[in-house]
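Student: I would like to learn how to read a helix in a structure. Could you take me through one, slowly?

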Amino acid sequence: MKNIYLPHLAEIVDIKQETPDIKTFKLKFKDQAVEDSFDHKPGQFVEFSIFGEGEAPFCISNSPTRKSGIECSVKRMGKITQALHELDTGDTVGIRGPYGNGFPIEDLKNKNLLFVAGGIGLAPLRSLINYCLDNRNNFKSVTIVNGARTSKDLVYKDEYQAWEKARDTKLYLTVDCQEENWTCMVGVVPKILEQLKPTCQDSVAIVCGPPIMIKYTMPVLLKIGFCPEAIITTLEMKMKCGLGKCGRCNIGNLYVCKDGPVFSYAQLKTLRYEL
Amino acid sequence: MIQKIVTKEELYKLLNYLLQDFEVIGPKELTNRGIFYETIKNPQDLYLGEGFTTEPVKKLFLNPSEWFFKCQYKDSKNSLEEIALTKTKRIIIGVRPCETKGLELLDKVYNSEYKDEFYVNNRNRTVIIGLSCAKPDRNCFCTSMGGSNVESQGTDAILFDRDGKFILEIITDKGKEILGSIGNEPSEEEKKHWQQDKEKRKDLVKTKIKAPEDLDKVFEDPYWEQVSKSCLSCGICTFLCPTCHCFDLVDEQRRRLRCYDGCAFVDFTLQASGENPRPTKKERYRQRVFHKFDYFKKNFGENLCVGCGRCIRYCPVKIDISEIVDKAPV
Amino acid sequence: MIDELKIKARELLKNKQVDLIIGYQRASDGVLAMPCFVDREEDVDKLIWDVYCVYNLANYLKDYAGQKIGIIAKPCDVRSIVVLLQENQLRRENVYIIGVECSGVIDEKRLRLGAKDIQESATFGVKCKSCKSSTPSICDYLFKDKEKKGKISEDKDEYESVRKLEVRSSLERLKFWEEEFSRCIRCYACRQVCPMCYCPKCVADQAMPAWFSKGANLKGNLSWNLIRAIHLGGRCIDCGECERVCPVGIPLRELNKKIEKDIKELFKYEAGANVEQKPLLASFDKDDPGDWIK
């Protein structure tokens with residue numbers, strides 16, 4: 001029997017400063033066999049160990065179609081994220097996973113996809129966006145609405161060009177308040193959605209962002225005509241074990257770590273999860 | 001199943017013999033403290049009376065404080081060192097049927113989809129000799145939770161004290177291996193008496209409650225706020241519960257530690273961002289009740305409660321979960 | 001007496017003098033008491049008052065900050081309200097103290113451990129045996145004990161057991177406390193039940209830095225229990241709740257009493273005695289003894 005709580009050692013091979021408080025870490029397992037067998041779905045997460053500090057869950061932000069090491073984007077927040085931000089390339093961390101259900105890719109096929117992201121909420125969506133773009137024929141139109149407080153807080157800036165150029169793909173960027181030299185949209189994400197009124201026909205909306213954004217985005221999507229089953233979100237919750245045992249992440253009878261983190265809005269309503 | 005009549009002396013003599021190969025653990029009465037599971041060096045120290053232990057037998061399987069691994073840093077290289085599992089064989093004696101039922105419920109979480117090797121190892125290295133309840137108190141409601149105060153429910157053998165002797169029922173092969181050699185077979189007459197006795201003992205559990213089938217319907221009811229007002233948000237009910245199994249993982253001195261945690265604590269679900277999905281006593285207490293009487297039932301078909309009464313007995317403000325569940329406004 | 005209490009409670013709610021009354025009601029076992037929160041006149045009849053009303057209800061005041069609260073308080077409970085007032089955790093105008101004359105409450109811990117006859121004075125709480133006052137020091141309304149059983153105080157030296165511990169060598173004391181603290185399960189009931197433990201973020205829950213082990217191991221337990229006791233220095237009013245609720249029977253009161261005794265000797269200060277007085281740790285006197293600072 002194996003120790004299910006034991007991580008694999010991994011090395012940080014690259015660190016990219018996305019915003020003043022968000023860094024993306026690229027990791028390679030020390031054990032090549034682990035590296036080769038590691039496989040994930042967009043929307044899944046890993047438990048990230050910084051030895052001596054602890055463990056925290058982060059979603060995998062790279063697409064499984066683009067394998068050059070696991071990528072996790074981390075916003076400096078609490079104890080573990082702060083410690084993580086102190087690390088350099090070449091440092092060793094621990095990884096176990098992948099955990100969680102991931103996005104229901106089969107259900108998204110032949111659909112118009114509306115991605116709605118706020119701040120670091122783009123991280124799990126980036127994995128799925130790139131997956132869809134790499135399997136472009138399986139999906140209809142792709143619309144990305146990505147917002148942040150200021151232009152400085154936008155993540156994955158160097159991928160925007162590729163997304164805009166992709167076939168039948170639109171990218172809308174927005175910041176909360178007008179800034180000098182900002183040429184894209186201005187206003188919070190729900191407001192922008194109200195203006196854009198993206199099609200709900202044959203569409204699925206995939207939403208991720210801070211709780212307050214999700215809360216105000218849901219009614220707008222419903223108003224546009226999305227049914228609760230066609231709105232998908234990925235939840236952030238305090239998780240420790242990732243295995244449905246430690247008990248803190250459950251909503252209703254489900255565990256965000258094991259049965260989530262991806263849920264439809266319809267599911268969340270039956271689970272009485274308050275957004 | 002094998003039935004035997006065993007005298008106290010025979011039992012102690014056997015335990016003395018078994019002490020050579022096993023760690024023997026059982027209830028011991030401690031002055032000004034209560035009854036606790038302790039390693040027994042002398043069988044005479046065992047408490048096999050009517051009282052209940054404060055801490056549940058859970059703590060001998062799901063260690064309150066367990067080191068998972070150690071991260072070594074040597075010559076500027078990290079390596080992970082696993083903590084060796086204890087292999088010592090052990091006998092736990094004097095365990096109440098409700099507590100082993102609790103272990104069977106914990107098996108569903110810790111010995112199923114993702115097996116927790118620490119828990120499974122503890123299960124595998126242990127022989128459990130139960131003790132039937134001769135005097136349930138008013139906080140006991142095991143019979144309402146589909147359990148029994150006299151039947152084995154997951155023990156390898158079970159003792160019934162009767163007229164200064166023990167009646168021993170051996171259930172499993174593990175039990176037979178260590179206990180098979182002692183005692184005499186009871187006569188048919190004695191067997192009959194014993195059966196009658198058992199039935200009588202079952203009636204001693206006076207508190208009867210009905211756990212609602214559809215608690216889900218009253219999730220939003222103001223009832224939960226009412227019943228949780230006096231809750232102190234301490235960890236007594238969860239830590240002393242034979243089935244509560246939530247934990248925390250922290251790093252201390254480059255070692256990973258698992259320790260008990262519980263849904264009553266404010267910080268249990270508090271995120272680094274400051275968000276807390278269960279910010280008040282209402283959400284936290286409701287979580288405890290729902291995990292036990294709704295969510296677990298949905299996932300595993302049974303209530304996550306064995307009716308041992310510990311959370312009522314030791315609640316600093318006498319919150320009574322049996323009454324709260326029974327009176328839920330469904 | 002209880003009828004008088006109910007009439008008063010009804011009147012306070014009716015006149016909107018208070019939003020809520022915190023008192024006692026009968027627990028589900030029909031014998032013991034449990035806290036009771038009454039905000040409607042029709043619920044006033046739930047209220048009880050007898051020897052089973054052990055809880056220090058002042059602990060709940062922090063849950064209702066800003067509201068006007070009526071609280072039923074024994075003399076010892078009133079002392080903790082005094083400390084809360086001294087420490088600006090409570091506004092005097094927001095709390096209506098319904099003081100009760102008290103001649104002792106039961107020793108719930110002993111009862112749990114199997115004491116049979118609760119009426120026996122021997123089973124009254126240990127804190128009650130050395131309690132000096134049966135009347136609350138401050139209150140807005142006082143319920144007199146008509147039957148006046150009087151104080152059961154045996155005029156016992158309240159520091160008797162502390163003195164017994166003090167004379168032992170430091171090594172023996174360490175051994176004694178290590179044995180006790182090794183039992184601690186870190187349920188934090190001692191903290192949660194304490195009216196004086198109101199820190200928004202307890203030192204035990206801090207992660208940055210984590211001051212001591214979170215696990216139930218001797219090192220972490222020793223740190224937790226000592227920090228708890230020392231943090232209550234000059235503040236603990238000896239309601240004994242921490243010791244009463246401890247499920248593993250750690251004699252926490254001994255620690256509190258030792259600190260209380262030292263403070264009395266060093267600073268002539270008694271916690272919760274005088275609402276006008278500045279809290280010990282918030283005051284400085286040039287005559288404060290300093291020879292112990294080395």
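**A buried helix in chain C**

Tutor: In helix H2 of chain C, the buried residues are C:Pro75, C:Cys76, C:Asp77, C:Val78, C:Arg79, C:Ser80, C:Ile81, C:Val82, C:Val83, C:Leu84 and C:Gln86, where buried means that 20 or more other C-beta atoms, placed from the backbone, lie within 10 Å of the residue's own. This is a predicted model, in which local features need pLDDT of at least 70, side-chain atom pairs count only at pLDDT 80 or more, and totals for chains, interfaces and linings use all residues. Residues are numbered from 1 along each chain as its sequence is written, while chains are lettered from A and ligands numbered from 1 in the order in which they are written.

Student: How many residues does H2(C) have, and how far does the helix reach?

Tutor: Helices are DSSP runs of H or I with at least four residues, strands are runs of E with at least two, and both are numbered from the N terminus. H2(C) covers residues 75-86, twelve in number, and reaches 17 Å from its first C-alpha to its last, close to the expected 16 Å, which is 1.5 Å times one less than its number of residues.

Student: What covers the buried residues of H2(C)?

Tutor: Eleven of the twelve residues are buried, and their cover includes strand S3 (69-73), strand S4 (95-100) and helix H4 (126-129) of chain C.

Student: What phi does C:Asn88 take, just after the helix?

Tutor: C:Asn88 takes a positive phi of about 60 degrees.

Student: How many helices and strands does chain C have?

Tutor: Chain C has ten helices and five strands, and of its 294 residues 40% count as buried.

How values were computed
Contact = placed C-beta atoms within 7 Å.
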